[in-house]
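Trainee: Could you walk me through this model, one question at a time?

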Amino acid sequence: MDKILVTGGLGFIGSHTVVELQNEGFEVVVIDDLSNSSIDVLSGITSITGKSPVFEILDLKDIQKVQGFFKNHQDIKGVIHFAASKAVGESVQNPLKYYENNLNTLVYVLQELSVLPTSNFIFSSSCTVYGQADVMPITENAPVKSAESPYGNTKQIGEEIIQDTCNVVPNLKAISLRYFNPIGAHPTAKIGELPIGVPQNLVPFITQTAAGLRDCLSVFGDDYPTPDGTCIRDYIHVVDLAKAHVVALQRLLSGNNEANYETFNVGTGVGSSVLEVIQSFERVSGLSLNYKIAPRREGDVIQAYANTTKANNVLGWKAQSTLDDAMKSAWLWEKQIRNL
Ligand code: UD1
């Protein structure tokens, strides 16, 4: 029973990953500053797995607290690092918050791991590092393009910080997972996404519109060079994504990694347009969604979907859920939290 630290473990992807780690028998310690998550998520996790992870409220920006934490938990075998801010628009308004939250904290954690006899680290990266890739589907070898936002920049610089550290710390092994678009919720509807305020992402906006919290979904642009004119993304069920973290960690723990630092795309390999996502929602919910075509949103790429061959072959992981499965779980979750 290896002890694994999950930072940001009460967030959307973090909480689903804690569930999958516990299901695999890992002993999980969660830290979270609750800045964008709720303590209630802990009982959701416990209810699904029958086991409560150890939990501490901890702000990773406080270097002394980070040092104290690792002193008290010297037996940690691996860290999955989710704790970060993730709102693209806010990052443009407040870049220093993003550089401090996402990069200072990463440095503090890596400093602690660098002095351990062995350490294994999984980083939440994003397909945003590719920008508008020239070739679809996107492989890990696609060039990293200059970031569109401070948020995106923190993912690129974060990867570089880890790579540079792995180059000189032989005991540190790390994997960056480049997520495509995580959506959905646990099929039990006990945990899911909890956006604060007006959702910026497509799927929570759809489910909130259907639940009556929003009047109408704006489809940002229908004049893109795609088959139906709307943007294409690779939407991955959050439970599949969570499982990718577990297999990546197991790869490091078992010493099967080929290099000290590796990157993997985590997506389904299937691109879906905004209109196809709406159709999927309507199919699984039996509802008709109120939406309208609106102008393009600044900063959106036309299309991004993953070539998942590396993750499939090297990690032995493959997304299992369809878009309909994911939309069904997102709607079940929305209905549960709104008492519908
Ligand atoms: C966004 C971020 C990305 C981040 C990811 C995290 C931007 C430009 N990109 O990805 O960096 O890693 O979230 O989850 O913000 N859409 C609508 N109407 C809406 C909302 C979205 O039409 O109300 C469309 C968008 O134009 C896009 C698609 O839906 O084509 C997906 O949007 P979203 O869920 O925000 O994800 P990304 O923009 O792909």
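This is a predicted model: local features need pLDDT of at least 70, side-chain atom pairs count only at pLDDT 80 or more; totals for chains, interfaces and linings use all residues.

Mentor: Residues are numbered from 1 along each chain as its sequence is written, and side-chain values use heavy atoms, with hydrogens and water left out.

Trainee: How far apart are the centres of domain 1 and domain 2?

Mentor: The domain assignment (automatic or from a database) gives domain 1 as 3-183 + 236-266 and domain 2 as 202-233 + 269-337. Taken over C-alpha atoms, the separation of the two centres is 24 Å.

Trainee: How much area do domain 1 and domain 2 bury between them?

Mentor: Interface size is often quoted as the accessible area lost when parts come together. Here buried area is the accessible area (1.4 Å probe) that two parts lose on being put together, summed over both. Carbon and sulfur atoms account for 68% of the total, which is about 2,100 Å².

Trainee: Which three residues supply 25% of the area that domain 1 buries against domain 2?

Mentor: In contact terms (heavy atoms within 4.5 Å), 23 residues of domain 1 meet 24 residues of domain 2. More than any other three residues, the ones supplying that 25% on the domain 1 side are Ile183, His237 and Asp240.

Trainee: Which element gives the largest share of the side of domain 1 that touches domain 2?

Mentor: Helices (H or I, at least four residues) and strands (E, at least two) are DSSP runs, numbered from the N terminus. Strand 7 (181-183), strand 10 (235-237), helix 8 (238-253) and strand 11 (261-266) each bring at least two residues to that side. The largest share is 6 residues, and it comes from helix 8.

Trainee: How many salt bridges are there between domain 1 and domain 2?

Mentor: A salt bridge means a side-chain nitrogen of Lys or Arg within 4 Å of a carboxyl oxygen of Asp or Glu. That rule gives 13 salt bridges in the model. Between domain 1 and domain 2, though, the count is 0.

Trainee: How many residues apart in sequence are the parts that Asp134 and Lys145 tie together?

Mentor: The side chains of Asp134 and Lys145 form a salt bridge, with N to O at 3.3 Å. Both residues lie in the loop between strand 5 (119-126) and helix 6 (150-168), so the pair ties together parts whose separation in residues is 11.

Trainee: What is the distance from an oxygen atom of the ligand to an N or O atom in the side chain of Asn181?

Mentor: Of the 18 residues around the ligand (a heavy atom within 4 Å), Leu202, Ser218, Arg233, Arg297 and Asp300 come nearest. A polar side-chain atom of Ser126 is 3.3 Å from a ligand oxygen, and a polar backbone atom of Gln200 is 3.4 Å from one. For the Asn181 side chain the distance is 2.9 Å.

Trainee: What is the phi of Leu34?

Mentor: Leu34 is in the loop between strand 2 (27-32) and helix 2. Although Leu34 is not a glycine, its phi is positive, at about 60°.

How values were computed: A polar contact is a pair of N or O atoms within 3.5 Å; within protein, one must be able to donate a hydrogen and the other to accept it, and residues adjacent in sequence count only if both atoms are side-chain atoms.
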